[in-house]
Amino acid sequence: MQPLLNVDDLTISFGGLDVVRGISFSLQRGRVLALVGESGSGKSMTAHAIMRLVPRPGRITSGKITFCGKELLALPEHSMRQMRGKDISMIFQEPMTSLNPVLTVGRQIMEPMEIHDGLSRSEAKARAIALLESVGIPAPAARFSDYPHQFSGGMRQRAMIAMALACSPALLLADEPTTALDITIQRQILGLIKDLAQSRDMGVLLITHDLGVVAECADDVSVMYAGQLLEQSTAEVFFREPLHPYARMLMECAPLVGNHERQRLPFIPGSVPRPGEIQEGCLFRPRCPLAQPSCREPQPMRCIGGDHMVRCCLAKNL
Ligand SMILES: Nc1ncnc2c1ncn2[C@@H]1O[C@H](COP(=O)(O)OP(=O)(O)O)[C@@H](O)[C@H]1O
Ligand SMILES: [Mg+2]
């Protein structure tokens, strides 16, 4: 089956420094793919590249992004503009920065439908109310006329999701969509995202730094580090047997799945190398307790059975 989204060897640079370094992955309809990694690893840039909204002076310097069989990087800007918010939409961590405070929530959900789908006001209103209901807003017809500040944080995030779904996109890019929310609301939103992926046969790229979030709702996992992918697998196989030492260490630092209290957790000493500091060989080597001389060699992505891929020469011996 042709994937909904295929990213092939994508590189993004800022002033000659690569912040995303030749990443490849694909996403099927109906599935949630988590892109997971510490802050600064290039996750948000990847999502922006898919929308073709990499901020200046950043530039996509190589690679292909194929969506529904179309090569996005080759499309004229006006076609891309038609696609944003209609075929591909994006939600962010903090809904207050994306919701307009002076427009009612309902108005904002109706807007993309009127623009892209040419619906009349009354049709758009009926669909907006149905969407508010489908994302779990109680009394949706009454809440339709509320302003964003009248909603709680969790409700605002639901409203953002309703807005993103307004034109039934095939692909939803969700960049840390639950980071600002408390754990109970976070779970509800993640459950909603997973249900929507299945019920609407939509592909979701879920960006997060939190493996707990991945465990909660991802079907597939790509682990990102310093602009590279280090491991890729189905979530089931990944949680059973993570192979990269970085993934294993992340796993030890993640709060236990099902644990409602966020405890102080151990963390991985050191930090993600900045774009200028990249060296030859494994990028995780300076922080890796298992590093060997062989880790100074270039590390290709290797297949370890099935769809499980890892960029570590030690992986099969771990
Ligand atoms: N405007 C910019 N100019 C230069 N570098 C940037 C800019 N924005 C982001 N970066 C760099 O790109 C890298 C990846 O950033 P980002 O995609 O936001 O990471 P993540 O979302 O994984 O936290 C970081 O090292 C960051 O410093
Ligand atoms: Mg980010």
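These questions and answers walk through a predicted model of one protein chain with a ligand.

User: How far apart do the C-alpha centres of domain 1 and domain 2 lie?
Analyst: Start with the domain assignment. Domain 1 covers 5–87 + 171–185 + 197–317, and domain 2 covers 98–168. Their contact takes 8 residues from domain 1 and 8 residues from domain 2. The C-alpha centres of the two domains are separated by 30 Å.

User: On the side of domain 1 that touches domain 2, how many residues are nonpolar, polar and charged?
Analyst: Sort the residues on that side of domain 1 by class. There are 2 charged residues and 1 polar residue, and the nonpolar ones number 5.

User: Why does the largest nonpolar core lie between domain 1 and domain 2?
Analyst: This core has 89 residues, and Ala 162, Leu 205 and Leu 206 have the most contacts inside it. The core lies between the domains because residues come from both domain 1 and domain 2.

User: Which residues is Ala 162 in contact with, leaving aside its neighbours within four places in sequence?
Analyst: Ala 162 is among the residues with the most contacts inside the core. Set aside the neighbours within four places in sequence, and Ala 162 is in contact with Ile 109, Leu 131, Leu 132 and Val 135.

User: Against which helices do the buried residues of H4 pack?
Analyst: Helix H4 runs over residues 105–116. Its buried residues are Val 105, Gly 106, Gln 108, Ile 109, Met 110, Pro 112 and Met 113. They pack against helix H5 (121–134), helix H6 (140–143) and H7.

User: Which helix gives the most to the shell around ligand 1?
Analyst: The ligand is surrounded by 13 residues, the closest being Phe 14, Val 19, Lys 43, Ser 44 and Met 45. By class, this shell has 5 nonpolar, 6 polar and 2 charged residues. The top contribution is 3 residues, from residues 43–50, helix H1.

User: Which strands are at the edges of the open sheet of 4 strands?
Analyst: The strand order is E2-E1-E4-E5, with antiparallel pairing. An edge strand here pairs on one side only. That leaves strand E2 (17–27) and strand E5 (70–71).

User: What is the bridge partner of Thr 11 in E2?
Analyst: Strand E1 (residues 5–14) runs antiparallel to E2, and 8 bridges join the two. In E2, the partner of Thr 11 is Arg 21.

User: Are the residues on the two faces of strand E6 buried or exposed?
Analyst: In a regular strand, side chains alternate between the two faces of the sheet. In E6 (residues 88–91), Ile 88 and Met 90 are on one side, with Ser 89 and Ile 91 on the other. Both faces are covered, and all four residues are buried.

User: What is the bridge partner of Ile 88 in E7?
Analyst: E6 pairs with strand E7 (residues 171–175) in the parallel sense over 4 bridges. In E7, Ile 88 has as its partner Leu 171.

User: Why does Cys 282 count as buried?
Analyst: Cys 282 is in the loop between helix H11 (245–253) and strand E11 (302–303). The cut-off for buried is 20 or more other C-beta atoms within 10 Å. Cys 282 has 27 C-beta neighbours inside 10 Å, so it counts as buried.

User: How far apart in space are Cys 282 and Cys 295?
Analyst: In sequence, they are 13 residues apart. Cys 282 is in contact with Cys 295, and also with Gln 299 and Cys 312, leaving aside neighbours within four places in sequence. From C-alpha to C-alpha, Cys 282 and Cys 295 are apart by 5.6 Å.

Notes
Residues are numbered from 1 along each chain as its sequence is written. Chains are lettered from A and ligands numbered from 1 in the order in which they are written. This is a predicted model: local features need pLDDT of at least 70, side-chain atom pairs count only at pLDDT 80 or more; totals for chains, interfaces and linings use all residues. Domain bounds come from an automatic or database domain assignment. Two residues are in contact if their C-beta atoms, placed from the backbone, lie within 7 Å. Ala, Val, Leu, Ile, Met, Phe, Trp, Tyr, Cys and Pro count as nonpolar, Asp, Glu, Lys and Arg as charged, and the others, Gly among them, as polar. A nonpolar core is a set of buried Ala, Val, Leu, Ile, Met, Phe, Trp, Tyr and Cys residues joined through C-beta atoms within 7 Å. A residue is buried if 20 or more other C-beta atoms lie within 10 Å of its own, exposed if 12 or fewer, and partly exposed in between; C-beta atoms are placed from the backbone. A residue is near a molecule or strand if its C-beta atom, placed from the backbone, lies within 6 Å of it. Two strands pair if DSSP finds at least two bridges between them.
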